[in-house]
Amino acid sequence: FAVMDIKTRKLLKLIPLPTATGAWAITVATDGKVWVGSYRDGHVYCYDPKSEKLTDLGRSPADSDVLFGLTAGPDGSVFGGSYGRAKIFGYTKTGQPISIDSVSPSDSYSHDTSYDSQNKKLYVGIGSSKAKVFRLNLDEQNRPNLTNAKQILPEKYQTQSEAYDLNYIAGKLFVKLHPAFETIVLDLKTDMIDAMTDRTTNQK
């Protein structure tokens, strides 16, 4: 785990993750703490910039060897995805695990998550043989509710195998698709695809 000064690009601190092969998942929570999800050991780590301490919280509630796509949730919480049965999971700001299970048990990957703080909705990108994007509402305890999960990726794009690299920005959800390596933009008011214009060609 590396801590760098983004202005000077200098390495400030390097902390080993002894049992991990690497870590794809990282995000900064609303309280400023940095969360990391590793692979091959499936551990979750929390770094507090104030104390400069990295805490190993052990295996995630998803009980997966490979963790993906952490995103900041409300009140210092975080959510993430995993490999295996596409389980999603979370942690409260105090490090208490939130077990959520899978929105699509027949799939292997929940590649990424993205949170809409204004409307309290969590988006999950799914993949294995068929790309999917699920929207989940958060309950009064700020936990994603699987019972009302809705798949919102238009059928046209479900011919792709994976939906990943989700980013929520101002009412839009940006989604990358594999193997096409293209990005689509979902208008979350209509769940329809926004037209995009190529600035080099001015073609939509």
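Is Ser102 buried or exposed? Ser102 is buried, because its relative accessible area is 10%; buried means under 20%, exposed over 50% and partly exposed in between, with a 1.4 Å probe and protein chains only. The model is predicted, so local features need pLDDT of at least 70 and side-chain atom pairs pLDDT 80 or more, while totals for chains, interfaces and linings use all residues. Residues are numbered from 1 along each chain as its sequence is written, and side-chain values use heavy atoms, without hydrogens and water.

**View 1. Ser102 in its strand.** Strand β10 covers residues 97–102 and includes Ser102. The protein has 18 strands and zero helices (DSSP runs numbered from the N terminus: strands are E, at least two residues; helices are H or I, at least four).

**View 2. Polar contacts of Ser102.** The side chain of Ser102 lies 3.3 Å from the backbone oxygen of Ala86. A polar atom of the Ser102 side chain is also 3.0 Å from the backbone nitrogen of Ser104. A polar contact is a pair of N or O atoms within 3.5 Å; within protein, one must be able to donate a hydrogen and the other to accept it, and residues adjacent in sequence count only if both atoms are side-chain atoms.

**View 3. Residues around Ser102.** Apart from neighbours within four places in sequence, Ser102 is in contact (heavy atoms within 4.5 Å) with Arg85, Ala86, Lys87 and Leu146. In the protein, 38% of contacts between residues at least 6 apart in sequence join residues at least 24 apart. Of its 204 residues, 46% count as buried.
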